[in-house]
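Please look at the sequence and the model first, then read on.

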Amino acid sequence: MDTLTPYQQALRDRLLAAPVLPAPAPWQPVFPPGHASCAPVGGLLGIGFATHPESGNDLVMVVSHDGHGLFDAVSGEKIARERDPDDEDCTPDGTDDLTCPGLGPVAGTRVHIAGLYGGGLHMTAVGGWGLEVVQPAWPHDRVLLTHGSGMPHREPHGDGWWHVFHSHYSELRAVGFSPSGRTLAVATSSDLTLWTRTI
């Protein structure tokens with residue numbers, strides 16, 4: 001069994017000691033604190049992004065064992081729900097491009113889904129923002145939001161990098177920014193957490 005170098009051990013210790021912090025400005029949680037900081041979605045398989053054709057808001061499509069849902073990524077409102085999607089399209093693994101049919105205001109389009117069956121979301125966003133997923137205590141994932149050159153092995157925690165999510169109770173499914181860079185999403189097998197910002 002390989003042992004960690006002193007540098008690797010120090011980095012692991014630093015990540016383990018970093019508490020979860022609120023995302024820094026201009027990021028704001030979509031689901032208000034004091035309510036639930038996330039939207040519960042049992043059996044979540046994956047998520048994808050779309051754009052509302054009228055408001056221009058980012059939308060988050062959620063695919064789960066119980067069907068499909070569509071959230072407004074600014075208000076957090078669930079604006080569409082399909083409990084019984086067509087069997088052929090009910091999960092992204094049924095297609096070559098990991099897509100599912102859109103619903104509500106994006107019906108008639110296909111939405112790329114990242115999660116249990118593969119795929120990915122943007123890991124960087126305009127303004128120098130980035131994301132990293134680390135596992136200093138496998139199998140528990142920690143999501144780090146970074147800004148500029150902020151990395152856990154350089155700046156102090158809370159100054160260039162923030163531990164914003166700790167998946168210690170459910171499996172991480174997908175992490176990423178919307179294509180617009182205005183939304184940050186973390187999806188686990190049991191819930192969806194969103195942050196929004198204006199650009």
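## Threonine 183 and its surroundings

Leaving aside neighbours within four places in sequence, threonine 183 is in contact (heavy atoms within 4.5 Å) with Trp27, Phe49, Asp58, Ala73, Gly176, Phe177, Ser178, Leu194 and Trp195. With aspartate 58 there is also a polar contact between the two side chains, at 2.7 Å. A polar contact is a pair of N or O atoms within 3.5 Å; within protein, one must be able to donate a hydrogen and the other to accept it, and residues adjacent in sequence count only if both atoms are side-chain atoms.

Threonine 183 belongs to strand β15, residues 183–188. Helices (H or I, at least four residues) and strands (E, at least two) are DSSP runs, numbered from the N terminus. Is threonine 183 buried or exposed? Its relative accessible area is 1%, so threonine 183 is buried. Buried means under 20% relative accessible area, exposed over 50%, and partly exposed in between, with a 1.4 Å probe and protein chains only.

## Basis of the model

The model is predicted: local features need pLDDT of at least 70, side-chain atom pairs count only at pLDDT 80 or more, and totals for chains, interfaces and linings use all residues. Residues are numbered from 1 along each chain as its sequence is written, and side-chain values use heavy atoms, with hydrogens and water left out.

## The chain as a whole

The protein chain has one helix and 16 strands. Its radius of gyration is 17 Å, close to the 16 Å that the globule rule gives for 199 residues, so the chain is as compact as a globular protein of that length. This radius is taken over C-alpha atoms, and the rule is 2.2 Å times the number of residues to the power 0.38. Along its principal axes the C-alpha trace spans about 55 × 40 × 30 Å.

Of the 199 residues, 47% are buried. Among contacts with a separation of 6 or more, 50% are between residues 24 or more positions apart. The chain exposes about 9900 Å², and carbon and sulfur atoms supply 53% of that area. Accessible areas come from the Shrake-Rupley method with a 1.4 Å probe; for residues, only the protein chains shown count as cover.

Strand β12 (residues 140–147) is mostly covered, with six of its eight residues buried. Strand β11 (residues 129–137) pairs with β12 in the antiparallel sense over seven bridges; two strands pair if DSSP finds at least two bridges between them. Valine 134 has arginine 142 in β12 as its bridge partner.

A hairpin of two residues joins β11 to β12. Proline 139 is in the loop between these strands, and the peptide bond to it from tryptophan 138 is cis, with omega near 10°. Strand β12 is also joined to β13 (residues 161–167) by six bridges, again antiparallel. There, valine 143 has phenylalanine 165 in β13 as its bridge partner.

## An open sheet

Five strands form an open sheet in the order β6-β5-β4-β3-β9, with antiparallel pairing. Its edge strands, β6 (78–82) and β9 (114–115), each pair on one side only. Four bridges join β5 (residues 67–72) to β6, and histidine 68 stands opposite glutamate 82 in β6.

## Backbone details

A cis peptide bond, with omega about 15°, joins alanine 25 and proline 26. Proline 26 lies in the loop between α1 (6–17) and β1 (28–29). Leucine 98 has a positive phi of about 55° although it is not a glycine; leucine 98 lies in the loop between β6 and β7 (99–101).
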